[in-house]
Structure formats: structure tokens, C-alpha cells
Amino acid sequence: MTPSQTVGPFFAMRLPWPDGPFVVADGTPGAITIVGRMYDGAGNVIPDGLVETWQAGPDGRFAHPDDPRGATPGGYYAFRGFGRCPTAPDGSYRIVTLKPGPLPTPDGAIEAPHLDVSVFARGLLDRVVTRLYFPDEQTANAVDPVLCSISEPARRATLIAVPEPEGELRFDIWLQGERETVFFDV
Amino acid sequence: MTAEVSTTAFTGTGELVLPSYERPSGLHPPLDFAGYRSTVLRHPKRPLVLLPHRLTEVTGPLLGADLITATDSDLTMQHAGEPQGQRIILAGRVLDSDGRPVPDTLIEIWQTNAAGRYRHSREHHPAPLDPNFSGIGRAITDAAGRYRFITIEPGAYPWGNHHNAWRPAHIHFSLFGRAFTQRLVTQMYFPGDPLLPLDPIFNSVPDEKARQRMIADFSMDLTQPEWALGYTWDIVLRGRGAAVFE
């Protein structure tokens, strides 16, 4: 297998593309906006990071051959599900998307709606992976098998987005420190 | 599009059988690697939490040909004139660790010009920009997992990691594979580079054989007379195990 190397400081030459942060176009009915900042262990913002998101459609399905249920006919088959946003000089990023549906698991459990999030930056020799969960899904979050695998409530809380007064969802990413985000071995 | 969410979306099938992907251990660099100074404040200190491979992890973005234009894989044809430097043909295959080709997958690359200069606003290396070279490319693998770029051999460049630190010449690669688990960002190096033993980023990969897999091979077969040197480099992503119930 080929090992990982850091994305370095100059990925913005290639990786961002104009509609990268727009999983759906601004103004799409039901669209949600995720905002956040990326921080290092000293509390400094990270201005050269990259956030990528991957998720199901609102119907809880993936337009992908390895989702054995397949895309819903006439449903969200055109939903790209993938977002990519570099961080700005103030460490901020923004993704516009649709809220995904819940997902079945092979052993009969149900995963609460979530986005898988990859984080890349200079100084990260491999991507780190986290998940974004939704604050209005308390019932589903309470039985989500991944959230339930994290025993400390304060750690679990790092994975749940926070509603902003303007209706956006805030998901800050702390690579290190007191508020360090939960990262996964994927 | 309405936000209607229904649990009836689950009821179409009986059992849910998903592929499972290998979990490489000891392959990737440790996130905490003192030799690379920027890791100090950017590596998580808490242990990673195991994430089982379920629907979100075994699927992934299948970004396609709509992103690719004709000159994306020929970095020498993106401007009015030809760039300075040694023209190279770089070709190879994207495979999984079971040896199966990964077809139709997007590859994104970026690199310095022949003088070791990136075209980027935060680049301060006092080497000349080349008006005929952007240093960015894209390709999609074919049905056999093959890709091919034409570009210029990148240069080495200094960086502030330690006194007299120089990065060996390299090309950055970004790959998606077919699943979220297979996402890979890496760097490809050139054979015989005397800077390789001195580079903390290259040497952050703990296993010697794995480090060697980041180095392309010079290929006389791919070299074209009177025109360009050839290099081959295969990229190997995680393999899929047999379908299992988790």
C-alpha cells in the first residue's frame, strides 16, 4: 500500500474548485449551512487547512454501487454528497448541503444522521477523520452506535454541531488541546 | 427538493451486506513526528476512536469526467508557450492491495516548476515563476486503473523546518478510490535523489519498504526519443476484504 504524506501548504493550487463548498447550490430548498473554524493546540486558527465532507442524501441513501439498496428511483440520485472547502485566513470554512437521513447498519442498528469529515493541513502527515452530528437529533444521537462508543459526554459533544442564531450549524475542529475534537481510526 | 425523511427508505431490502476495507497498521506516518516541526501543535493527542466500516465509510464520491478538460493531464500544454525544464511522462496504475485495478477514479496533482517554485501566493522561495507552467493536473483512471501525465520534472526547494532544510523534488497526489476509507493524499518522489535520506516528511513513514513505494521508477520503455523521459509509479490503495457482517 502507498503511505500517506502531508497535503502541505500549497494544495490550494489544485484542490479547491469553485463549487466545492456547495454540495447543493445556495438557496436549494432545505439547504443547511455548516460553518466552523479549525484550530491548533495553542488555540491559533489554521489558515491552511482543508475540510472534506461525505454523506448520504436526505433519503439516507448513497448513489454508489456499494450501497446495496441503491439510490432512490427518481430521488436524490443526483446528490453529489461531497463537499470540499479550504480554510480562510481566519481559519473558517463553510459547506452548503442537505441534511442526510439516518442509516441502517448491517447488525440492525440505526446510525443517526451524520457527515464523515476528513481534515487535511500542513503539519498533518495523514488526514484525520471526524463526524458531524446534528443538534436536533437528540433521540437518534442517543442510540447512535458511534456516539455511544465514546463514553465521556464532553468528548461526545465535540461531534455535535451547534446551532447559530442565524440558522447555520457551527462545527469547529480542534486538532489538539483542551477542546480536541474526537478523531476516528477509519 | 423537500427534506422529507422516511424510515421506509430502509425497507426495500432484507439484509444489508457491506464490503469491508483493510485497516493498515504501521503504514502511514505517525501524526506526532517531531522531525517535522509543523506537527507539534497540529497532531491530536487523544487516542483515535475505532470507526466501524458502515455505509458512509464503504461508499465515497465518484467524481467523474465532468471535472476534466483536455489539457488537465498535460501540464506542458496549459499555456501559450512550453514550460522550462525537463519534460517527463509519468504513468502508472491505481490498484488496491488485493491487486485489483481501481478504474474511473479522479487523481489530482500539484507541483513546483523546474526551478522549485510553486505558483501560490504564500510561496516565498526566490526562484523564478514560469509563465508557461501552473503545476496543476487532473486525470481519471481508465478501466484498467491506468493514468498518464505529461509534465516537467519539479525542482527541490528550501523550507523553514530546520537549518538548510530542502524538500526533495516531489509531486503531490490526491486520490479518492471508490470508498471514503480509500481516500489518500501523498507525494511521489524521484529515484536517486540525494535529499531523500535528509527529508523528515519522506522519512516520517516508518517502514523502509513503504518509503520506497513513494519513489517512481525511471522507465526506458516509457521514455520517448528526442522528446521526454519516462517514469512509472503505481499507487496502491486499501483492499477490500470479502463481504462480511459487522
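**Strand β2 of chain B**

I started with the pairing of β2(B) and β11(B), residues 229-232: 4 bridges join them, and they run parallel. I took pairing in the DSSP sense, at least two bridges between two strands. Elements here are DSSP runs numbered from the N terminus: helices are H or I with at least four residues, strands are E with at least two.

The model is a predicted one; local features need pLDDT of at least 70, side-chain atom pairs count only at pLDDT 80 or more, and totals for chains, interfaces and linings use all residues. Residues are numbered from 1 along each chain as its sequence is written, and chains are lettered from A and ligands numbered from 1 in the order in which they are written.

With β5(B), residues 146-152, the strand (residues 87-96) runs antiparallel through 7 bridges. L90(B) stands opposite F149(B) in that pair.

**The four-strand sheet**

Next I traced an open sheet in chain B. Its order is β4-β3-β8-β9, with antiparallel pairing.

I checked the β3(B) and β8(B) pair inside it. Strand β3(B) covers 106-111 and β8(B) covers 170-175, with 5 bridges between them. Q111(B) has I171(B) as its bridge partner.

**Where the chains meet**

I counted the contact between the chains: 73 residues come from chain B and 70 from chain A. A contact means C-beta atoms, placed from the backbone, within 7 Å. On the side of chain B, the elements giving two or more residues are β1 (49-50), α1 (55-58), β3, β8, β9 and β12. That side divides into 41 nonpolar, 19 polar and 13 charged residues. Here Ala, Val, Leu, Ile, Met, Phe, Trp, Tyr, Cys and Pro count as nonpolar, Asp, Glu, Lys and Arg as charged, and the others, Gly among them, as polar.

I also found a strand pairing across the two chains. β12(A), residues 184-185, joins β1(B) through 2 bridges and runs parallel to it. F184(A) has V49(B) as its bridge partner.

**The core**

Which residues have the most contacts inside the largest nonpolar core? They are L132(A) and L175(B), in a core of 93 residues. Such a core is a set of buried Ala, Val, Leu, Ile, Met, Phe, Trp, Tyr and Cys residues joined through C-beta atoms within 7 Å. Its largest share, 5 residues, comes from β7(A), residues 114-121. Beyond four places in sequence, L132(A) touches I34(A), H114(A), L115(A), V117(A), L159(A), A161(A) and F171(A).

I noted H53(B), in the loop between β1 and α1 of chain B. Is H53(B) buried or exposed? It is buried, because 22 other C-beta atoms lie within 10 Å. The cut-offs are 20 or more such atoms for buried, 12 or fewer for exposed and partly exposed in between, with C-beta atoms placed from the backbone. Leaving aside neighbours within four places in sequence, H53(B) contacts L18(B), S20(B), Y21(B), V58(B) and T181(B). Its C-alpha atom is 9.5 Å from that of F180(B), 127 residues apart along the chain.

Then I looked at two backbone entries. D104(B) has a positive phi of about 55 degrees although it is not a glycine. It sits in the loop between β2 and β3 of chain B and is partly exposed, with 16 other C-beta atoms within 10 Å. E226(B), also not a glycine, has a positive phi of about 60 degrees. Its loop lies between β10 (217-218) and β11 of chain B, and with 4 C-beta neighbours inside 10 Å E226(B) counts as exposed.

**Chain A overall**

Last, I counted 3 helices and 12 strands in chain A. Buried residues make up 48% of its 186 residues.

Technical notes. Two residues are in contact if their C-beta atoms, placed from the backbone, lie within 7 Å.
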